[in-house]
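Hi,

Here is the structure I said I would pass on to you. Have a look at it, then read my notes below.

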Amino acid sequence: MRQRTLKALYYRAKKRPTPAASFIKTVAQLTNRSETAVRKWISGESQPDMNVMITLSQHFGVPYDELFPENE
């Protein structure tokens, strides 16, 4: 029988990925890169190569230079 205590419901919800984690995973899979690499792109610590920029640009429908501005 499935537990329906508040604590059980909380722990079940806690195991679900957050929207941000899901986004990172999706981008990593789309680009065949690691989630760590995607996090670095998001933080501005590094930028992907041009092929990846174009792939993401096409996927999101946003120009690559807008996705990855040189000076933030």
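This is a predicted model: local features need pLDDT of at least 70, side-chain atom pairs count only at pLDDT 80 or more; totals for chains, interfaces and linings use all residues.

**What I found**

Glu66 lies in helix 5 (residues 64-67); helices (H or I, at least four residues) and strands (E, at least two) are DSSP runs, numbered from the N terminus. Glu66 is exposed, as its relative accessible area is 53%. On that scale, buried means under 20% relative accessible area, exposed over 50%, and partly exposed in between (1.4 Å probe, protein chains only). From the C-alpha atom of Glu66 to that of Thr31, 35 residues apart along the chain, the separation is 18 Å.

Residues are numbered from 1 along each chain as its sequence is written, and side-chain values use heavy atoms, with hydrogens and water left out.

Now the whole protein. You'll find five helices and zero strands. The radius of gyration is 17 Å, well over the 11 Å that the globule rule gives for 72 residues, so the protein is more spread out than a compact globule. (That radius is taken over C-alpha atoms, and the rule is 2.2 Å times the number of residues to the power 0.38.) Along its principal axes, the C-alpha trace spans about 50 × 20 × 20 Å. Buried residues make up 19% of the 72.

How do helix 2 and helix 3 pack? Helix 2 (residues 19-31) meets helix 3 (residues 35-43) at an angle of about 110°, and their axes are 9 Å apart. Axes are lines fitted to C-alpha atoms, for helices over the stretch in contact, and angles run from 0 to 180 degrees between N-to-C directions. The two helices are therefore roughly perpendicular to each other (angles under 35 degrees count as roughly parallel, over 145 as roughly antiparallel, 65 to 115 as roughly perpendicular and the rest as oblique).

The largest nonpolar core has ten residues, including Ile24, Val27, Trp41, Met53 and Phe68. Such a core is a set of buried Ala, Val, Leu, Ile, Met, Phe, Trp, Tyr and Cys residues joined through side-chain atoms within 4.5 Å. Helix 2, helix 3 and helix 4 (50-60) each give two or more residues to this core.

Cheers
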